[in-house]
Amino acid sequence: MMDADLISEEYRAINRDLHHSNAAYGTSGRQWAPLVQRIFAMALAGTGSCAIAATLNAEGLRTPKGRAWIKHSILYMLRNPVYTGTYVWGAKGSAKFATEPMETLRIEDAHEALVSAEDFARVKAVIEQRR
(Lines give C-alpha, C1' and ligand atoms only; values in the text may rest on other atoms or scores of the structure.)
Protein backbone atom coordinates (compact mmCIF):
# COMPACT_ATOMS: atom_id res chain seq x y z
CA MET A 1 0.00 0.00 0.00
CA MET A 2 1.27 3.48 -0.83
CA ASP A 3 2.05 6.02 1.89
CA ALA A 4 -0.99 8.32 2.39
CA ASP A 5 1.11 11.48 2.74
CA LEU A 6 3.05 10.69 -0.43
CA ILE A 7 -0.11 10.07 -2.44
CA SER A 8 -1.75 13.21 -1.05
CA GLU A 9 1.30 15.32 -1.97
CA GLU A 10 1.46 13.79 -5.43
CA TYR A 11 -2.25 14.43 -5.92
CA ARG A 12 -1.76 18.11 -5.08
CA ALA A 13 1.10 18.39 -7.56
CA ILE A 14 -0.76 16.78 -10.44
CA ASN A 15 -3.93 18.73 -9.69
CA ARG A 16 -1.93 21.96 -10.05
CA ASP A 17 -0.71 20.69 -13.41
CA LEU A 18 -4.25 19.85 -14.48
CA HIS A 19 -5.64 23.26 -13.60
CA HIS A 20 -2.67 25.30 -14.83
CA SER A 21 -1.60 23.44 -17.95
CA ASN A 22 -4.66 21.37 -18.84
CA ALA A 23 -2.63 18.20 -18.45
CA ALA A 24 -4.29 15.04 -17.23
CA TYR A 25 -3.46 13.60 -13.85
CA GLY A 26 -0.36 11.55 -14.37
CA THR A 27 0.72 12.88 -17.74
CA SER A 28 3.25 15.33 -16.33
CA GLY A 29 3.92 13.28 -13.21
CA ARG A 30 3.54 9.54 -13.69
CA GLN A 31 3.41 9.09 -9.92
CA TRP A 32 -0.25 10.18 -10.06
CA ALA A 33 -1.37 7.51 -12.46
CA PRO A 34 -1.88 4.85 -9.76
CA LEU A 35 -4.33 7.01 -7.80
CA VAL A 36 -6.37 7.92 -10.88
CA GLN A 37 -6.38 4.32 -12.08
CA ARG A 38 -7.35 3.10 -8.62
CA ILE A 39 -10.36 5.44 -8.52
CA PHE A 40 -11.49 4.20 -11.95
CA ALA A 41 -10.92 0.56 -10.92
CA MET A 42 -13.05 1.05 -7.82
CA ALA A 43 -15.83 2.54 -9.94
CA LEU A 44 -15.58 -0.35 -12.42
CA ALA A 45 -15.90 -2.78 -9.53
CA GLY A 46 -19.22 -1.15 -8.67
CA THR A 47 -18.07 1.06 -5.80
CA GLY A 48 -20.12 4.25 -5.70
CA SER A 49 -18.63 7.72 -5.58
CA CYS A 50 -19.57 8.18 -1.90
CA ALA A 51 -17.84 4.92 -0.97
CA ILE A 52 -14.76 5.81 -3.03
CA ALA A 53 -14.55 9.17 -1.26
CA ALA A 54 -15.02 7.49 2.13
CA THR A 55 -12.22 5.02 1.37
CA LEU A 56 -9.78 7.75 0.35
CA ASN A 57 -10.71 9.78 3.42
CA ALA A 58 -10.28 6.75 5.70
CA GLU A 59 -6.78 6.31 4.27
CA GLY A 60 -5.97 9.91 5.14
CA LEU A 61 -5.92 11.15 1.56
CA ARG A 62 -7.12 14.70 1.00
CA THR A 63 -7.93 16.84 -2.01
CA PRO A 64 -5.32 19.33 -3.24
CA LYS A 65 -6.89 21.98 -1.02
CA GLY A 66 -6.49 19.71 1.99
CA ARG A 67 -10.19 18.94 2.24
CA ALA A 68 -11.93 15.62 2.58
CA TRP A 69 -12.98 13.89 -0.62
CA ILE A 70 -16.64 14.23 -1.56
CA LYS A 71 -18.71 12.38 -4.12
CA HIS A 72 -18.77 15.38 -6.47
CA SER A 73 -14.98 15.47 -6.82
CA ILE A 74 -14.96 11.73 -7.55
CA LEU A 75 -17.77 12.05 -10.10
CA TYR A 76 -15.97 14.94 -11.78
CA MET A 77 -12.90 12.76 -12.24
CA LEU A 78 -14.92 9.78 -13.47
CA ARG A 79 -16.74 11.90 -16.06
CA ASN A 80 -13.69 13.78 -17.30
CA PRO A 81 -12.47 12.51 -20.71
CA VAL A 82 -9.02 13.98 -20.08
CA TYR A 83 -8.07 10.65 -18.48
CA THR A 84 -8.56 8.90 -21.83
CA GLY A 85 -6.02 11.21 -23.46
CA THR A 86 -8.70 13.48 -24.89
CA TYR A 87 -8.39 17.23 -24.57
CA VAL A 88 -11.75 19.06 -24.53
CA TRP A 89 -12.07 22.83 -24.78
CA GLY A 90 -15.25 24.90 -24.88
CA ALA A 91 -17.52 22.23 -23.43
CA LYS A 92 -20.66 23.09 -21.50
CA GLY A 93 -19.94 25.51 -18.69
CA SER A 94 -16.57 26.77 -19.92
CA ALA A 95 -17.90 29.90 -21.61
CA LYS A 96 -19.85 31.45 -18.74
CA PHE A 97 -19.19 35.02 -19.83
CA ALA A 98 -19.15 34.58 -23.58
CA THR A 99 -21.76 36.48 -25.55
CA GLU A 100 -21.86 33.84 -28.27
CA PRO A 101 -21.84 30.06 -27.88
CA MET A 102 -18.44 28.42 -28.18
CA GLU A 103 -17.72 25.52 -30.46
CA THR A 104 -16.45 22.51 -28.55
CA LEU A 105 -12.98 21.39 -29.54
CA ARG A 106 -12.00 17.75 -28.93
CA ILE A 107 -8.51 16.48 -29.57
CA GLU A 108 -8.18 12.72 -29.29
CA ASP A 109 -4.82 11.28 -28.20
CA ALA A 110 -3.64 14.73 -27.07
CA HIS A 111 -1.61 13.11 -24.30
CA GLU A 112 -1.00 9.76 -22.69
CA ALA A 113 -4.19 8.05 -21.53
CA LEU A 114 -4.43 6.86 -17.94
CA VAL A 115 -7.70 5.03 -18.58
CA SER A 116 -8.74 3.21 -21.74
CA ALA A 117 -11.69 4.55 -23.71
CA GLU A 118 -13.44 1.22 -23.07
CA ASP A 119 -13.03 1.49 -19.28
CA PHE A 120 -14.12 5.13 -19.38
CA ALA A 121 -17.29 4.14 -21.26
CA ARG A 122 -17.93 1.28 -18.80
CA VAL A 123 -17.56 3.66 -15.84
CA LYS A 124 -19.97 6.07 -17.52
CA ALA A 125 -22.50 3.23 -17.91
CA VAL A 126 -22.06 2.22 -14.24
CA ILE A 127 -22.66 5.81 -13.15
CA GLU A 128 -25.79 6.06 -15.32
CA GLN A 129 -27.15 2.80 -13.89
CA ARG A 130 -26.72 4.11 -10.36
CA ARG A 131 -28.78 7.24 -11.06
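Which side chains meet in a salt bridge with an N to O distance of 3.5 Å? I looked this up and found Arg106 and Glu108, where a salt bridge is taken as a side-chain nitrogen of Lys or Arg within 4 Å of a carboxyl oxygen of Asp or Glu.

**Entry 1: ground rules.** I note that this is a predicted model, in which local features need pLDDT of at least 70 and side-chain atom pairs count only at pLDDT 80 or more, while totals for chains, interfaces and linings use all residues. Residues are numbered from 1 along each chain as its sequence is written, and side-chain values use heavy atoms, with hydrogens and water left out.

**Entry 2: the chain as a whole.** I listed 5 helices and 2 strands in the protein chain, these being DSSP runs numbered from the N terminus (helices H or I, at least four residues; strands E, at least two). Read from the N terminus, the elements follow the order α-α-α-α-β-β-α. Of the 131 residues in the protein chain, 37% are buried; I wrote down that buried means under 20% relative accessible area, exposed over 50%, and partly exposed in between, with a 1.4 Å probe and protein chains only. The accessible surface of the protein chain is about 8,000 Å², and carbon and sulfur atoms hold 53% of that; such areas come from the Shrake-Rupley method with a 1.4 Å probe, and for residues only the protein chains shown count as cover. I also checked contacts (heavy atoms within 4.5 Å): among those with a separation of 6 or more, 54% join residues 24 or more positions apart.

**Entry 3: the core.** Next I looked at the largest nonpolar core, which has 23 residues, and found that Ile39, Phe40, Leu56, Trp69, Ile74, Leu78 and Tyr83 touch the most other members. At least two residues of this core come from each of α2 (33-44), α3 (49-58), α4 (71-79) and α5 (117-130), and α2 gives the largest share, 7 residues. A nonpolar core here is a set of buried Ala, Val, Leu, Ile, Met, Phe, Trp, Tyr and Cys residues joined through side-chain atoms within 4.5 Å.

**Entry 4: salt bridges.** I counted 3 salt bridges in the structure. In one of them, Glu59 pairs with Arg38, and their closest N and O atoms are 2.5 Å apart. This pair links distant parts of the chain, since Glu59 sits in the loop between α3 and α4 and Arg38 in helix α2, 21 residues apart. Glu59 has a relative accessible area of 24% and is therefore partly exposed, and Arg38, at 25%, is partly exposed as well. Going back to my opening pair, I found Arg106 partly exposed at 47% relative accessibility and Glu108 partly exposed at 48%. Another salt bridge joins the side chains of Asp119 and Arg122 (2.9 Å, N to O); both residues lie in helix α5, 3 residues apart, which is about one turn of the helix.

**Entry 5: a surface patch.** Which residues form a nonpolar patch on the surface? I found Trp89, Leu105 and Ile107, with about 290 Å² of accessible area together. Patches are made of residues with over 30% relative accessible area and no salt bridge, like charges being joined within 9 Å and nonpolar side chains (Val, Leu, Ile, Met, Phe, Trp, Tyr) within 5 Å. Trp89 belongs to strand β1 (residues 87-89) and is partly exposed, with a relative accessible area of 46%. Finally, I noted that the C-alpha atoms of Trp89 and Glu103 are separated by 8.4 Å, although the two are 14 residues apart along the chain.
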